[in-house]
Amino acid sequence: MKTLVLNTLGNDYTEQIKALIKDKEIEIVDTSGMKIAHCMGCNQCWLKMPGICAIKDDYEEIIKKLVETENLWIVSDTRFGFLDYKGKRLMDRIMPMMNMTIVLRDGRMRHEERYHPLNIGLLYKGDADQAIMEDWCKRTAAKIGGHSLGAIALGINAKQSVGEREAMPVITGRAKHVFIINGSPRVAKFSNTDKIIHSFVKGLEEAGSTWELHNLSSRKEWETAREAFLTNKHILIAFPLYVECMPSMMLEFLETLPSERKQPALLSFLLHGGMEEGNEFRFCERILQELPAQFGCSYGGTLIHGGSFGIRTREDAVKAKIVAPYEKMGRLFAQNGNFLIPEAKKFTGPEQYPWLVRKMVSLLFLKKVNKGFEDFAKSWGCTRPLDDKPYN
Ligand SMILES: Cc1cc2nc3c(=O)[nH]c(=O)nc-3n(C[C@H](O)[C@H](O)[C@H](O)COP(=O)(O)O)c2cc1C
């Protein structure tokens, strides 16, 4: 099979899909009634049972089909100028198609493909911006070693760009109390975001601010998090980058929030991820810039930093050293109430390492890094090679 279409919108769209994608070998799978959970970032598909997802649901059949697929199309509705959580969830779960092992591909550090490259296309519904959707396809396909098949709008779009919404009044001054959401699907104990937040809040406390934290990994906390979202003035969502944007679980939570609020608020973000360079995070940052207005909040900026893979697995002293810089940013956030400050911009580090540096890193360190992954896998009881191909 060459082309697989994962349709989250149901059978009403089958004819439109067939009219738009004319490939001869095509299978359209209606995922709207399928049982598909969010990726929870457990890493078992990389380090414990390479290539096999630990979640036993209907996505296992999809992975088996992907092994035979060259072109993957996602058919999805959009929210917040991006895929809705049902569409994004299909991409977050694609991790078993990659290996943990990192290689230098097209001049960038990438995870190695487990089977073969995948080309990515998108048929989308709703008022998302065409150029943004195209960009996501390009960036995501490059991650999986393939190329973009393009983004095509389905039916008539509302055409209102999210950037055209009315600007909200900006709240100025210090943040006396900060309401924090950890948007990682990983349980707090294992979440790198959690370790980052706990360094950040030390800084808040030093500057005399108070804080409260809610974890989206625990659905029991969603209701109180929703209420706190509506009543707090300084809101901070900290989360890991998942396939170029927010984890699908966080998108689902955001989709349950009311768009109206009684008093103004400043919504800021702390975004981190495994890769080191700043440009890894720019697509997501663009989506975040428009997000606060959709909830009646103003944008308080995004603090971005890479290199967070495996913080939780490090020895305490190393872990403390990695997250220490966030303490200072917590202090500054308390004093300024936002990340719209030059220090936050600088915090990201290099946008892109020079070509020579990347080449040197790949020659000198990648072997060591990848050997580290193998050792880690052994410590988890993994008995298969990391590039195992269980569905071949
Ligand atoms: C499904 C998935 C997708 C990811 N996508 C990216 C990515 O596109 N870029 C990146 O730098 N890191 C990516 N990561 C790595 C996470 O951002 C990183 O491991 C982070 O530290 C996890 O934080 P947490 O432990 O709080 O979930 C991804 C991880 C997962 C599980």
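A residue counts as buried if 20 or more other C-beta atoms lie within 10 Å of its own. By that cut-off S184 is buried, because 27 other C-beta atoms lie within 10 Å. The model is predicted, with an average pLDDT of 94 for the protein and a score of at least 70 for 96% of the residues.

**Confidence**
- Over residues 158–163 the pLDDT stays under 50, and for this stretch the model has seven contacts beyond four places in sequence.

**Annotated domain**
- According to the UniProt record, an unreviewed entry, residues 176–256 carry the annotation "domain: Flavodoxin-like fold".
- Across residues 176–256 the chain is 41% helix and 23% strand, while the end C-alpha atoms are 27 Å apart.

**Surroundings of S184**
- S184 is found in the loop that lies between β9 (177–182) and α6 (192–206).
- Leaving aside residues up to four places away in sequence, S184 touches G41, S191, T193, S217, F239, P240 and P247.
- Although S184 and L241 are 57 residues apart along the chain, their C-alpha atoms are separated by 9.1 Å.

**Packing of α4 with α8**
- The axes of helix α4 (residues 85–92) and helix α8 (residues 248–255) come within 8 Å and cross at roughly 170°, which means that α4 is roughly antiparallel to α8.
- In this contact Y85, K88, R89 and D92 of α4 meet S248, L251, E252 and E255 of α8, and by class the contact has five charged, two nonpolar and one polar residues.

Key: Residues numbered from 1 in each chain as written. Predicted model: local features only at pLDDT ≥ 70, side-chain atom pairs only at ≥ 80, totals over all residues. UniProt positions renumbered as here; feature names shortened; annotations may be inferred. Helix = DSSP H or I, 4+ residues; strand = E, 2+ residues; numbered from the N terminus. pLDDT = per-residue confidence, 0-100. Contact = placed C-beta atoms within 7 Å. Axes fitted to C-alpha atoms, helices over the stretch in contact; angles between N-to-C directions. Parallel < 35°, antiparallel > 145°, perpendicular 65-115°, else oblique. Nonpolar A, V, L, I, M, F, W, Y, C, P; charged D, E, K, R; others polar. Buried ≥ 20, exposed ≤ 12 C-beta atoms within 10 Å, placed from the backbone.
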